[in-house]
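Me: I would like to go through this structure with you. Could you take my questions one at a time?

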Amino acid sequence: MADKKEIVLSGIRSTGNLHLGNYYGALGKFVRMQDDYDCNFFIADLHALTTNPDPRELHANVKNILAEYLAAGIDPEKSTIFIQSDVPEVAEMYLLLNMHVGIGELMRTASFKDKARKALGIGVPAQGDDDEAFEKEIIGAATNKRVNAGLLTYPTLMAVDILIQKATKVPVGKDQEQHLELTRRFARRFNSFYGVEVFPEPYNFDFGGKPVKVPGLDGSGKMGKSEGNCIYLVDDPKVLRKKVMRATTDEGPKEPNSPMSEPVANLFTLLELTSTPDVVSHFREAYADCSIRYGDLKKQLAEDILAVTTPIRERVNDILADDAYLRRVVAQGAERARERAAATLAEVRSVMGIRKF
Ligand code: TYM
C-alpha cells in the first residue's frame, strides 16, 4: 500500500550535546510523532559550518547528536535518520533556490542579526531595531569573515532541507518560527514564479498546540548553547541537580496572588514541561498563598528532569560505542532521504529550464 502519511522533517545542528531546549522544542516531539507520520530527522552539519567549527570536532559532534537521537528513542525502523551532508542534492538545490531569495529579507532575519551582532560585538539597540545602522555595520565589516555569506543564507539552506523532502510538518521550537515563515514565502514565490505547485507549505508542529520556548535558569531569555545556561540531556545527576538548585529566583511573594518575576515564571515554565499537573498546581497554589519554598520546587524540578534525561543518558554510551550500528543507521537514512531529494531536485531543475542535451 502506498504510504500516505504526512511528511515530517526536522533537524538539529551538530554544535555540541543536546539540551532541554532541544528536547522540548524538537527531539521529544520527534519521538512522539514516529508512529503517525512519515518522519525524517537529520543532523544539520552544514548549518553548523556557518560558525566555522574546528574540523577535528565536527564529526564527533555529529556522532554525539546521532547517538542522542537514538538514545532518546528515535527508531531507525520507523523514521529516516540522516546527516545533511550525506544528501548532496540539498547543496545543489540551495544554489538554485538562492536565485529566488532577496538579500534584504535575509539581512532582516532575526537569527542573522543576532549572530552577526554577536560576531561583531555590536550590542542590540535599546529602542527597537535600527536596520539602516545595522546594514552599514555589516557592509563595513564585509571583509570580516566572521560574518560569512553562509550565515546570511542560512534560511535558504533550512528552507531547502524542508522543501526538498516536501515536508508539511516541521517540529521545531519557537525560535525557528521565522525561518519557517520564510520557507513558506520562498515556496509560494517559487511556485507562483514558475506557475507550478512544486512545494507544499510547511508548518510548525507541537502537541500542546503552541511552540515552546524553554527558558534558561539564569533569570531571563532562552536556554541555548551560546547563552551558556544549558541543562544537557547527558548531564550527570549531581551536575544537573546543582544547576537546578542554583537557578535564579527572588525573595518570594510577600502578598497573596502577587505577579511573578521573570526568573520564577521561568521555573514554572520548566515545571510545566517536566512535571505532572498535580505537582504544578501544588506549587502554583503555594506561590499564590505565599507558602512556597523555592528550594522545594527546585528539588522536585530536578528529580522530574532527571526522570526524563536518565534513560537517555544511560543508553547513550553503549550506542556511541557501536560504530557499525551507527554507520548502518545513517547509510540507510541517507539512501532513503536521497531518493525523495533527487526526485524533487529533478523536478526543480526541469521547472527552471535546466535540461540535458
Ligand atoms: P538548533 O540546532 O538551533 O536547535 C534545534 C531545535 O531545538 C529547538 N530549540 C529550542 N526550543 C525551545 N526552547 C529552546 N530554548 C530551544 N533551543 C533550541 C530549536 O527550535 C530547534 O527546533 N535551523 C535549525 C536546524 C535546522 C532545521 C532545518 C530544523 C536546519 N534545517 C530544517 C527544521 C527543519 C537550528 O538551528 O536548530
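Me: How many salt bridges does a search of the whole structure find?

Reply: The search finds 19 salt bridges in the whole structure. Please keep in mind that this is a predicted model.

Me: What is the distance between the closest N and O atoms in the salt bridge of Glu-6 with Lys-169?

Reply: In the salt bridge of Glu-6 with Lys-169, those atoms are 3.0 Å apart.

Me: And which parts does that pair tie together?

Reply: Glu-6 belongs to the segment before strand S1 (7-13), while Lys-169 is in strand S4 (residues 169-170), so the pair links parts that are 163 residues apart in sequence.

Me: Changing topic to the domains: how is the chain divided?

Reply: Domain 1 comprises 7-101 + 153-212 + 322-351, and domain 2 comprises 237-318. Their C-alpha centres lie 32 Å apart.

Me: How many residues of each domain are in contact?

Reply: Nine residues of domain 1 are in contact with ten residues of domain 2. The area buried between the two domains is about 820 Å², with carbon and sulfur atoms giving 75% of it.

Me: Which residues in domain 1 lose the most area to domain 2?

Reply: They are Leu-20, Tyr-24 and Ala-71, which together account for 62% of what the domain 1 side buries.

Me: How many salt bridges and polar contacts are found across that interface?

Reply: Zero salt bridges are found between domain 1 and domain 2. Two residue pairs are in polar contact across the interface, both at pLDDT 80 or more.

Me: Now the ligand. How many residues surround it, and which are the closest?

Reply: The ligand is surrounded by 27 residues, of which the closest are Arg-13, Tyr-154, Asp-161, Asp-175 and Val-214.

Me: What about the distances for Tyr-154 and Asp-161?

Reply: An N or O atom in the side chain of Tyr-154 is 2.5 Å from an oxygen atom of the ligand. For Asp-161, a side-chain N or O atom is 2.7 Å from a nitrogen atom of the ligand.

Me: Is the Val-214 atom from the backbone or the side chain?

Reply: For Val-214 it is a backbone N or O atom, and it lies 2.7 Å from a nitrogen atom of the ligand.

Key: Residues are numbered from 1 along each chain as its sequence is written. This is a predicted model: local features need pLDDT of at least 70, side-chain atom pairs count only at pLDDT 80 or more; totals for chains, interfaces and linings use all residues. Side-chain values use heavy atoms; hydrogens and water are left out. Domain bounds come from an automatic or database domain assignment. Contact means heavy atoms within 4.5 Å. Buried area is the accessible area (1.4 Å probe) that two parts lose on being put together, summed over both. A salt bridge is a side-chain nitrogen of Lys or Arg within 4 Å of a carboxyl oxygen of Asp or Glu. A polar contact is a pair of N or O atoms within 3.5 Å; within protein, one must be able to donate a hydrogen and the other to accept it, and residues adjacent in sequence count only if both atoms are side-chain atoms. A residue is near a molecule or strand if one of its heavy atoms lies within 4 Å of it. Helices (H or I, at least four residues) and strands (E, at least two) are DSSP runs, numbered from the N terminus.
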